Amino acid sequence: MHPDEANPRLAFFRQHIGQDMSQSISPLGRWLNGTLRAADPGLLTVDYLVREDLCNPAGVLHGGAAAAIMDDLIGVTVFSMGREYAYTSVNLNVDFLHAARQGEIVTATARVVRAGRNIVHVECIIQAQDGKLVAKAASNLIQTSAKIPV
């Protein structure tokens, strides 16, 4: 069996590399509307335009928007693992490290660090085009009793 056949969710993401995420299962993800760049087991990479509505009054990426990007991508990355049950965040620890200005493209990468039976630990970073680290986050997600469709 081809690895993608064992995980149709990951296969779906791989088919949409290079496309915007306007069809995300996450309403917040649809609003953020990044462009999927990579989809591998336990790892997703998405580019986001720093739009005006994601900025603070100084014209830089708002901390809440950066946290939303990372929290949403962390959730989508866990979803892409193909597990039977939904997971929800227990915590989100965020560090803001550098400004990203309106009009710039930033790249967020979420990576599963540990996938236990009930708890999944994921880290996410946002990088500017020049490679500077804009923000980083770590989150633990716990399995819920809600089954999710393939």
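Is D53 buried, partly exposed or exposed? With a relative accessible area of 45%, D53 is partly exposed (buried means under 20% relative accessible area, exposed over 50%, and partly exposed in between, with a 1.4 Å probe and protein chains only). The model is a predicted one, in which local features need pLDDT of at least 70 and side-chain atom pairs count only at pLDDT 80 or more, while totals for chains, interfaces and linings use all residues. Residues are numbered from 1 along each chain as its sequence is written, and side-chain values use heavy atoms, with hydrogens and water left out.

D53 makes a salt bridge with R51, and their closest N and O atoms are 2.9 Å apart (a salt bridge being a side-chain nitrogen of Lys or Arg within 4 Å of a carboxyl oxygen of Asp or Glu). Searching the whole structure turns up 6 salt bridges. In another of these, the side chains of R37 and D47 come together at 2.7 Å, N to O. That pair ties distant parts of the chain, with R37 in strand 1 and D47 in strand 2, 10 residues apart (helices, H or I of at least four residues, and strands, E of at least two, are DSSP runs numbered from the N terminus). R37 is partly exposed at a relative accessible area of 42%, whereas D47 is buried at 16%. Then there is E84, whose side chain meets that of K147 in a salt bridge of 2.8 Å, N to O. Here, too, distant parts of the chain are linked: E84 sits in the loop between helix 4 and strand 3, K147 sits in strand 6, and 63 residues separate them. E84 counts as partly exposed, with a relative accessible area of 43%, while K147 is exposed, with 55%.

In soluble globular proteins, nonpolar side chains tend to be buried together.

Leaving aside residues up to four places away in sequence, Y48 touches L32, G34, I69, L73, E104, I105, V106 and A108 (contact meaning heavy atoms within 4.5 Å). T77, found in helix 4, is buried, at 0% relative accessibility.

On to the rings. The count of aromatic pairs comes to 2 (rings of Phe, Tyr and Trp, for Trp its six-membered ring, pair if their centres lie within 6.5 Å; planes under 30 degrees apart count as stacked, over 60 as edge-to-face and the rest as tilted). F12 and F13 make an edge-to-face pair, at 5.8 Å centre to centre and 75 degrees between the planes. F12 is partly exposed, at 40% relative accessibility, but F13 is buried, at 9%. F13 pairs with F79 as well: the ring centres are 6.4 Å apart and the planes stand at 85 degrees, so this pair is edge-to-face. Distant parts of the chain are joined by it, F13 being in helix 2 and F79 in helix 4, 66 residues apart. Both F13 and F79 are buried. Through these ring pairs, F12, F13 and F79 are linked into a cluster.

Back at the surface, V90, I119 and I142 form a nonpolar patch with about 240 Å² of accessible area together. Patches are made of residues with over 30% relative accessible area and no salt bridge, like charges being joined within 9 Å and nonpolar side chains (Val, Leu, Ile, Met, Phe, Trp, Tyr) within 5 Å; accessible areas come from the Shrake-Rupley method with a 1.4 Å probe, and for residues only the protein chains shown count as cover. V90 lies in strand 3 (residues 85-96) and is exposed, with a relative accessible area of 55%.
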